[in-house]
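I opened my notebook for a look at helix packing and aromatic rings.

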Amino acid sequence: MRKILSRLGVALLLATALLGVPAPASAASLVEVTGFGNNPSNLRMHLYVPDNIGASPAVVVAVHYCTGSGPAFYSGTDFARLADQYKYIVIYPSATRSGQCFDVWSQEALRRGGGSDPVGIVSMVNYVQQRYGSDPSRVFVTGASSGAMMTNVLLGDYPDVFKAGSAFMGVPFGCFATTPPNTWNSECANGQVTRTAQQWGDLVRGAYPGYTGARPRMQVWHGTEDSTLRYPNFGEEIKQWTNVLGVSQTPAYTDTPQSGWTRTRYGGTGTTAPVEAVSVAGTGHNLPLSGMAAMALAFFGITGGSTEPPPPPPPGPCRVDYAVNAWNSGLTATITITNTSTAPVSNWSLAFTLPGGQTITSGWNATFTPRSGPVTATAMSYNATIGASASVGIGFQATHTGNTAEPTSFSLNGTACTVT
């Protein structure tokens, strides 16, 4: 257990060091608040209130990883710096139990008003509303690792408190449930807990029986190479929150905001869609990276992001020819990527989204990660450069559950390709 917790903390601390995020440049400072209300698990509360906050500010609860603290998450992420620009208040809870993980496993934590950490965090929100007159309709929560798990828990327990959440490297609500005194669920952490969307949704609804009001929107992030809270949890979170919010598991919109990032939206195409998921190719347990906090704030609606989808990029200097040969439960896909520009393309990656039910079992001439949903095909060493007007052929074999359709769009190194 100590080794696992150490890995969780070290990975996040390394990410912080690599990012080199500066402390917020402001006269405002991080302060500790005591006596903020009902606090059954003895959490600590730190608060960042920007200068000139104005009336009815939004509130973001930013929840740290195992072995971390509120002050460490303040220093190591962009949420306080962005608060200076967008004038919202940031609450940083700190877990005080051994290992500094948040309680996302006990029956007390997994029901509204049951006790433990969620009750203390909601007390912090109530304190800020009473002390600063914050807007109760603009309360959001985000977190990394253990904090991402707590983000899932808070949205399930208190759907009337939080408007939206953004979870970096988490697991679904209820996935980590264990029998005391266990505080770590290896089966869940290893991505071995699989349920139907309905079953996942029922776990959330069971946290607050009888609730019929609006449910908070959810944004989830995960690195494909995460070896601490493994990548299958990303897909299970998508299943859970699309079910809770009553939207299709088929993406309504897909794009590549940065190279290696595949973003899918469910139930809507705009910035504030009901569910948004971002898969980060080749990345382990070290989120959020630079730029991700700003995307979380856009999803919350704090930065005034448009609710309309951005215009699709014009067809780029590439063309994709995609051919499928299908049988009862399997298929092969042959992909030809043509560089139609006048300059070579180096270290290429091709991003696309597989239709639901298709899972890659093997591939050739490229590395395909992950195996379903938003996929990125990465060049091999021997075909890493596509010359001007030249082509490269790749492909894969996959299983399917009846849907043998082709992906609808492709992007090469983040630029949209013409599809033929």
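My entries on helices and rings follow.

**Ground rules.** I worked on a predicted model, where local features need pLDDT of at least 70 and side-chain atom pairs count only at pLDDT 80 or more, while totals for chains, interfaces and linings use all residues. Residues are numbered from 1 along each chain as its sequence is written, and side-chain values use heavy atoms, without hydrogens and water.

**Helix pair.** I looked up α3 (residues 79-86) and α9 (residues 292-300). Their axes come within 10 Å and cross at roughly 50 degrees. That makes α3 oblique to α9 (under 35 degrees is roughly parallel, over 145 roughly antiparallel, 65 to 115 roughly perpendicular, the rest oblique). Which residues meet? Phe-79, Leu-82 and Tyr-86 in α3 meet Ala-293, Ala-294, Ala-296 and Leu-297 in α9 (contact means heavy atoms within 4.5 Å).

**Rings.** I searched the whole structure and got 15 aromatic pairs (ring centres of Phe, Tyr or Trp, its six-membered ring, within 6.5 Å; planes under 30 degrees apart are stacked, over 60 edge-to-face, the rest tilted). Tyr-65 and Phe-73 are edge-to-face, because their centres are 6.2 Å apart and their planes at 70 degrees. Tyr-208 and Tyr-211 are stacked, at 4.9 Å centre to centre and 20 degrees between the planes.

**Burial.** Tyr-65 is buried at 2% relative accessibility (buried is under 20% relative accessible area, exposed over 50%, partly exposed in between, with a 1.4 Å probe and protein chains only). Phe-73 is buried, also with 2%. Tyr-208 is partly exposed at 21%. Tyr-211 counts as buried at 19%.

Key:
Axes fitted to C-alpha atoms, helices over the stretch in contact; angles between N-to-C directions. Helix = DSSP H or I, 4+ residues; strand = E, 2+ residues; numbered from the N terminus.
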